[in-house]
Amino acid sequence: MTAQADVGYHAIQHGRWHRGEIAFWIVALACAFVFPSRYLIMTDIVRLALFALSLDLILGYAGIVSLGHAAFFGVGAYGAGLLALHGIIAEPVLALVAAGLVAMALGFLTSFLVIRGVDLTRLMVTLGIALLLEALAERFSSITGGTDGLQGIEMQPILGLFAFDMFGRTGFFYALAVLFLLFLLARRIVHSPFGLSLRAIRNNPLRAAAIGIPVNRRLIAVYTLAAFYAGIAGALFTQTTAIASLDVFSFERSADLMLVLVIGGTGYLYGGLIGAVVFRMLQEMFSTITPQYWQFWIGLVLVVIVLVGRQRLHRVALWLPNLVITQLAGRKAAVVLPESEAP
Amino acid sequence: MTSILTNLFDGVAYGMLLFVLACGLAVTLGLMNFVNLAHGAFAMAGGYVCAVLVNQAGWPFFAGLPLAFIASALIGVVLERLLYRHLYARSHLDQVLFSVGLVFMSVAAVDYIMGSSRVFIKLPAALEGQFDLFGVGIGRYRLMIIVICGLLTAGLQLVLAKTRFGSRLRAAVDDPRAASGLGINVPQVFAFTFAFGCGLAGLGGALSAEILGLDPYFPLKFMIYFLIVVTVGGSSSITGPFLASLLLGIGDVAGKYYVPKMGPFVIYALMIVILIWRPNGLFGRTAAR
């Protein structure tokens, strides 16, 4: 077997669906029927998961550290809100795509700023862009509603068939469907040659350039894609909650997002989804203990995760599931360490 | 004409204050290459220590300032020895996560202990009001800030350039391995510098309660300003951040006075343009490694 065919064989093997993955999605769907009274928070988790998936694309696969990913979330949120409020595109799915495309355009434009410079400059530029948009949204309060936010958004039925109900049932299935579709797309992309080249760039940009990967063009492409995903997440936020306020751009949103991804682990797509579930549960738990000061505990979790070490933490967390799987299935563990963090 | 000069004066005072607040960060971020987003938390700690001493214990304002410095420096050295030093060699992502976690903790903790409203420090009567100098209104408090910060800047420059410690620090930053080979205790030098930078931030925090406002969200609100000072100023010398702070201070005051509607928009846009134009900062050559 030639080397090239060998690489292709392993890439295809790696891209196959595991049983664990199928089980994951069945469990996600089952949640809808097991907890019928918790649609609102589950919708929240799904939105956050999609947002985290978007950050995973650039952080986990391309190694771009962004402190301002909320910028695209905010653009998507206001985009969907304005489209619905003024009745430009009344149908939610079309509006969702349109808002995502607006965020994508912004992502494309700002990607040229982001690919310049190293980590520190990137941090500053991404943070600056989010702050800039927040200042703009505050400045043009006649359009955005300023600190009050957009109010009085009324959503039309999805595809003209399913109306949003007050329990959030439609909203949840809608969000889950969007997440699943976009996840399939992301999964296809990261297992394609394009995705493999991104990983090469993350591991060593210089080497990637030397073997003929157009580094800048790939980074622009993935950054634009991630902006699209974040825009969709923002649009989902507006459509399922019927509000959009200035805090969609806030720094805390970007920082929380990093925590979500760090809890779940980067570079294997499920990290964002698992992280979103754990993060919301932690947040719920902390805010029942100390309603006003839950941020303290979130901060503590961040500090502890970093000090203990992200890799070590994930190894410990995966020890039990792996043990069960090897005992039951009697073969190689299906749940493995995220590739980027394997020692 | 006089309003321009008064604005310029206010801008200089603001810029000087920013420099004292941020120059500790210039060392950790610029020289030691550690992304410490929690720098504002040390400033806030100093501000609150001073506020408690002056308002509740009845200390005179000028006795509260050195205590603010000492308290922040102590917190700095403890945290450096316990936590920060383990992270010097980690990735920027880890450093960002860690320091953001510290910021969240400090915001919630101060909110819990001191309440979420803005805190004012009682000033002695001699510092209140303003006087006219050739028709230009000069605030007494701002004049004091310029004097204190000017002296500190000159002192810092002297220490870095002329003393033995200064040359040790420069050596440790240029090449830690070679420096430790020459018998310089690099971790100690870093710890001391980190603590000193935190102390300066604490002093700046105490001074800034009157001008910037002191509340639990201080570290989040001004984080971007500190980062701007360091990234725009570069870190090859202390003059880069100093000039950047002055520019930022004058620009911000003038922006708020002449185009109040644009708010902080101008500052952020300028920062992005400068970073794109010169990723290593306006005055630096080796800032980003």
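Leaving aside its neighbours within four places in sequence, which residues is Asp94(B) in contact with?

**Entry 1: ground rules.** I noted that this is a predicted model, in which local features need pLDDT of at least 70, side-chain atom pairs count only at pLDDT 80 or more, and totals for chains, interfaces and linings use all residues. Residues are numbered from 1 along each chain as its sequence is written, while chains are lettered from A and ligands numbered from 1 in the order in which they are written.

**Entry 2: Asp94(B).** I looked up Asp94(B) and found it in helix H4 (residues 92–114) of chain B. Helices here are DSSP runs of H or I with at least four residues, strands are runs of E with at least two, and both are numbered from the N terminus. Beyond four places in sequence, Asp94(B) is in contact with Val306(A) and Leu87(B). Contact means that the C-beta atoms of two residues, placed from the backbone, lie within 7 Å. Asp94(B) has 19 other C-beta atoms within 10 Å, so I wrote it down as partly exposed. The cut-offs are 20 or more such atoms within 10 Å for buried, 12 or fewer for exposed, and anything in between for partly exposed. I also checked Ala191(B), 97 residues from Asp94(B) along the chain: their C-alpha atoms are separated by 20 Å.

**Entry 3: where chain A touches chain B.** I found 35 residues of chain A in contact with 36 residues of chain B. On the chain A side, the elements giving two or more residues are helix H6 (119–139), helix H12 (251–264) and helix H14 (294–308). H6(A) provides the largest share, 15 residues. By type, the chain A side has 26 nonpolar, five polar and four charged residues. Nonpolar covers Ala, Val, Leu, Ile, Met, Phe, Trp, Tyr, Cys and Pro; charged covers Asp, Glu, Lys and Arg; the others, Gly among them, count as polar.

**Entry 4: helix pairs in chain A.** I took H4 (residues 70–85) and H5 (residues 92–114) of chain A, which pack at an angle of about 140 degrees with their axes 8 Å apart. That angle makes H4(A) oblique to H5(A). Axes are lines fitted to C-alpha atoms, for helices over the stretch in contact, and angles run from 0 to 180 degrees between N-to-C directions. Under 35 degrees counts as roughly parallel, over 145 as roughly antiparallel, 65 to 115 as roughly perpendicular, and the rest as oblique. I then looked up H5(A) and H6(A), which pack at about 150 degrees with axes 10 Å apart. These two are therefore roughly antiparallel to each other. Their contact is made by Thr110(A), Leu113(A) and Val114(A) of H5(A) and by Arg122(A), Val125(A), Thr126(A) and Ile129(A) of H6(A). I sorted these residues into four nonpolar, two polar and one charged.

**Entry 5: two positive phi values.** Ala242(A), in the loop between H11 and H12 of chain A, has phi near 60 degrees, a positive value in a residue other than glycine. Leu269(A) has phi near 70 degrees and sits in the loop between H12 and helix H13 (270–289) of chain A. Is Leu269(A) buried or exposed? Leu269(A) is buried, because 22 other C-beta atoms lie within 10 Å.

**Entry 6: confidence.** The mean pLDDT (the predictor's confidence in each residue, from 0 to 100) of chain A is 86, and 94% of its residues reach 70 or more. I noted that pLDDT stays under 50 over residues 337–343 of chain A. Where pLDDT is low, the predicted coordinates should not be read in detail.
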